[in-house]
Amino acid sequence: MSYAVTLIPGDGIGPEVAEAARRVLEATGAEFEWDVQNAGSEELARSGELLPAAALASIRRNRVALKGPITTPVGTGFRSINVSLRQQLDLYACFRPCRLYKGVRTRFDKVDLVVVRENTEDLYSGIEFEKGSTEALIEVALIEKIKNIKIRDDVGISIKPISEFGSRRIVQAAFEYARANNRHKVTAVHKANIMKFTDGLFLRVAREVAQNYPDIKFQEVIVDNMCMQLVQYPEDYDVLVLTNLYGDIVSDLGAGLIGGLGMAPGANIGDEYAVFEATHGSAPDIAGQNKANPLGMILSGVMMLRYLKEFDAANRLEHAIEGVIEEGTDVTADMKVDRKDPTAVGTREEADAIIRHLQAPV
Ligand code: NAI
């Protein structure tokens, strides 16, 4: 069976890591009809759109996409197209496994946790009021009146909507993931001691949902403590469920535990569509130099294979990746002990090594 998949290379290092992922995915023997769609800074210069309607339509048609990073232009008034894509396709659950592979340069022995991040609400909702704008002044006046408090005039305002609906479905997604993947504990991460009506709501719903999963342990941890716990005892954690902003931050922390952003995959999944993309961004500092670690994108491809129920191909590809990491020779500079190690290979060569491992007789 051949799978129609939208492939969005994106910009920055996106095209390089997307090409590496496409090649290794094809080398598994799984068959794809790639529907390649342009998006990102070059597309913006060409057509004035960061994510053209055709790209969105392609994802709606194929329902599955593999996506490279897209730069959010700074200071142009553009909102993040990544955030907008997740909202438009209602990709409400972001799964970011942080698993430490043998041979990775890190300070830890054992890390195998999954960050489950809510993807559509919270401070990412885009409800913001610029300092000095009429809207901001109206907001300030309204809040001062309702709450009987004084707010400085020179504030910018961002609103943090957290709904019961959104909380329930993300916590359910985390528990379902735990059950399906033989995991034993879900930790709800929050700051309900301070934000009683947003994080407090999320936590109350998490407690309720947990009642339906007596086979899985439930735990609550305040987000600041969670960050400390993760760098001290990452082995104690299994599945973490978080609202959008904490999920974003803790995802990068998780990436740091397992060898860096270059290693960290992700999947944005809703009830109808799924978009697989690495945790990292477009890394303009190394773009176009064949230096980017393709593993975050390739491991996102492994997640996509599992989503498509191509379990054998996914397991073989993950095994080939493990082999390359453990050997430690054909890996990019970010995976070497010394980042200036002249034996580091490029993005393309790391993909070649994975393909060699895939094709080696077992
Ligand atoms: P970034 O993830 O692009 O880079 C952070 C650091 O990690 C840089 O030093 C970079 O060189 C390194 N890095 C990232 N990926 C790597 C890889 N595969 N191999 C080796 N090193 C790697 O984060 P930054 O700089 O904050 O964002 C750059 C742009 O990417 C921004 O415009 C941001 O909005 C966008 N972005 C896009 C995302 C997406 O499309 N899903 C996600 C995150 C950021």
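Axes here are lines fitted to C-alpha atoms, for helices over the stretch in contact, and angles run from 0 to 180 degrees between N-to-C directions. Helices (H or I, at least four residues) and strands (E, at least two) are DSSP runs, numbered from the N terminus.

Some ground rules. This is a predicted model, where local features need pLDDT of at least 70, side-chain atom pairs count only at pLDDT 80 or more, and totals for chains, interfaces and linings use all residues. Residues count from 1 along each chain as its sequence is written, and side-chain values use heavy atoms, leaving out hydrogens and water.

Helices first. H10 (residues 295-307) packs with H11 (residues 311-327) at about 155 degrees, axes 7 Å apart. That makes the pair roughly antiparallel, the label for angles over 145. Who touches whom? Contact means heavy atoms within 4.5 Å. From H10, Leu295, Ile298 and Val302 are among the residues that meet H11, whose side includes Phe311, Leu317 and Ile321. The residues of this contact divide into eleven nonpolar, one polar and two charged. Nonpolar is Ala, Val, Leu, Ile, Met, Phe, Trp, Tyr, Cys and Pro; charged is Asp, Glu, Lys and Arg; the others, Gly among them, are polar.

Now the sheet. It is open, ten strands, mixed pairing, in the order E2-E1-E3-E12-E11-E4-E5-E10-E8-E9. Pairing takes at least two DSSP bridges between two strands. E2 (31-36) and E9 (217-222) are the edges, each with a single partner strand, so one side of each lacks a neighbour in the sheet. Neighbouring strands are turned by 25 degrees against each other on average, direction ignored. Helix H7 (residues 199-210) packs on this sheet, touching E8 (185-190), E9 and E10 (239-242).

Definitions and conventions:
Parallel < 35°, antiparallel > 145°, perpendicular 65-115°, else oblique.
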